[in-house]
Amino acid sequence: MQIKVAVAYHSGYGHTAKQAAAVAAGAEKVPDTQVRLVSLAELNDELWEVLQESDALIFGTPTYMGGSSAVFRAFVEATSQVWGDNMRWKNKIAGGFTNSGNMAGDKLNALIDIALFAAQHGMIWVGLAEYGGWNTSSGSPEDINRLGSWLGAMSQSNNDEGPDVTPCASDLRTAEALGRRIAETAHVHRAGRAAVGFDEVSA
């Protein structure tokens, strides 16, 4: 049974796009999983079709001024039509990721924003299941989940370095772990619904 996963993101300078690619790579490691990377820069018919056909939606945005980007918020508000049409995304699996220049940068607020958005659509949120790293004297920036996030995947990119350099390898491994977990969960969810005779997750 094939599962479709969409990684839908906005990236202002390319760093979040690199994180999105890592999320997609993680999801692709799960057998029988088709993954689509879609930019939210243009809200066209193809985008809406990909999102509607997907079993899992993983949303990404840079954290700007303590919250999601204006482009991402424009997308969120445009989904009110999807929500108003019998909550068409209800029961899809959802997750999120974000990047900023600072170590903290209030990235948690951006993830909460995405999670609340998913909840309003009736989607089922899946977070990151990795111990926090770089929190002991023997830890290092190379630890997975070095920024200690569980609601979703966080990454940090120095403001004076381009996406050819950042995010760092450990942040990209963290993003891969999130993508893999969401794809696995989507498979389990689809199989479980089929086993008990419920309607399929996506229309």
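# A guided tour, stop by stop

Start at Arg 73, which counts as partly exposed at 29% relative accessibility. Here buried means under 20% relative accessible area, exposed means over 50%, and partly exposed lies in between, judged with a 1.4 Å probe and protein chains only. The model is predicted, so local features need pLDDT of at least 70 and side-chain atom pairs count only at pLDDT 80 or more, while totals for chains, interfaces and linings use all residues. Residues are numbered from 1 along each chain as its sequence is written, and side-chain values use heavy atoms, without hydrogens and water.

**Stop 1: salt bridges**

A salt bridge here is a side-chain nitrogen of Lys or Arg within 4 Å of a carboxyl oxygen of Asp or Glu. Helices (H or I, at least four residues) and strands (E, at least two) are DSSP runs, numbered from the N terminus.

How many salt bridges does a search of the whole structure find? The search finds 6.

Next, select Lys 29 and Glu 176. Their side chains form a salt bridge of 2.8 Å, N to O. Lys 29 is in the loop between H1 and S2, and Glu 176 is in helix H6, so the pair ties together parts 147 residues apart in sequence. Lys 29 counts as exposed at 53% relative accessibility. Glu 176 counts as partly exposed, at 21%.

Now pick Asp 85 and Arg 88. They too meet in a salt bridge, at 2.7 Å from N to O. Asp 85 is partly exposed, with a relative accessible area of 41%. Arg 88 is partly exposed as well, at 33%.

**Stop 2: strand S3**

Select residues 56–64, strand S3. Is this strand largely enclosed or largely open? 8 of its 9 residues are buried, so the rest of the structure largely encloses S3.

Color the strands that pair with S3. Two strands pair if DSSP finds at least two bridges between them.

- S1 (residues 3–9) runs parallel to S3, with 5 bridges. Find Val 7 opposite Ile 58 in S3.
- S5 (residues 93–100) also pairs in the parallel sense with S3, over 7 bridges. Ile 93 in S5 is the bridge partner of Ala 56.
- S4 (residues 67–68) runs antiparallel to S3, with 2 bridges. Ser 68 in S4 partners Thr 63.

As you look along the strands, remember one rule. In a regular strand, side chains alternate between the two faces of the sheet.

**Stop 3: a turn and a patch**

Zoom in on the hairpin of S3 and S4. It has 2 residues between the strands, and Met 65 takes a positive phi near 50° there. Show Tyr 13, Tyr 64 and Met 65 as a surface. They make a nonpolar patch of about 460 Å². Patch residues have over 30% relative accessible area and no salt bridge; like charges are joined within 9 Å, and nonpolar side chains (Val, Leu, Ile, Met, Phe, Trp, Tyr) within 5 Å. The areas come from the Shrake-Rupley method with a 1.4 Å probe, and for residues only the protein chains shown count as cover. Tyr 13 belongs to the loop between S1 and helix H1 (15–28). At 67% relative accessibility, Tyr 13 counts as exposed.

**Stop 4: helix H2**

Select residues 45–53, helix H2. Which of its residues are buried? They are Leu 47, Val 50, Leu 51 and Gln 52. Their cover includes S1, strand S2 (33–39), S3 and helix H3 (70–78).

**Stop 5: rings**

Highlight Trp 48, Phe 59, Phe 72, Phe 75, Trp 89 and Phe 117. Ring pairs link these residues into a cluster. The whole structure has 9 aromatic pairs. Rings of Phe, Tyr and Trp (its six-membered ring) pair if their centres lie within 6.5 Å; planes under 30 degrees apart count as stacked, over 60 as edge-to-face and the rest as tilted.

**Stop 6**

Click Thr 185 in helix H6 (residues 169–195). Thr 185 is partly exposed, with a relative accessible area of 24%. Leaving aside neighbours within four places in sequence, Thr 185 is in contact (heavy atoms within 4.5 Å) with Ile 93 and Val 126.

Finish at Pro 167, in the loop between strand S7 (153–156) and H6. The peptide bond from Thr 166 to Pro 167 is cis, with omega near 0°.
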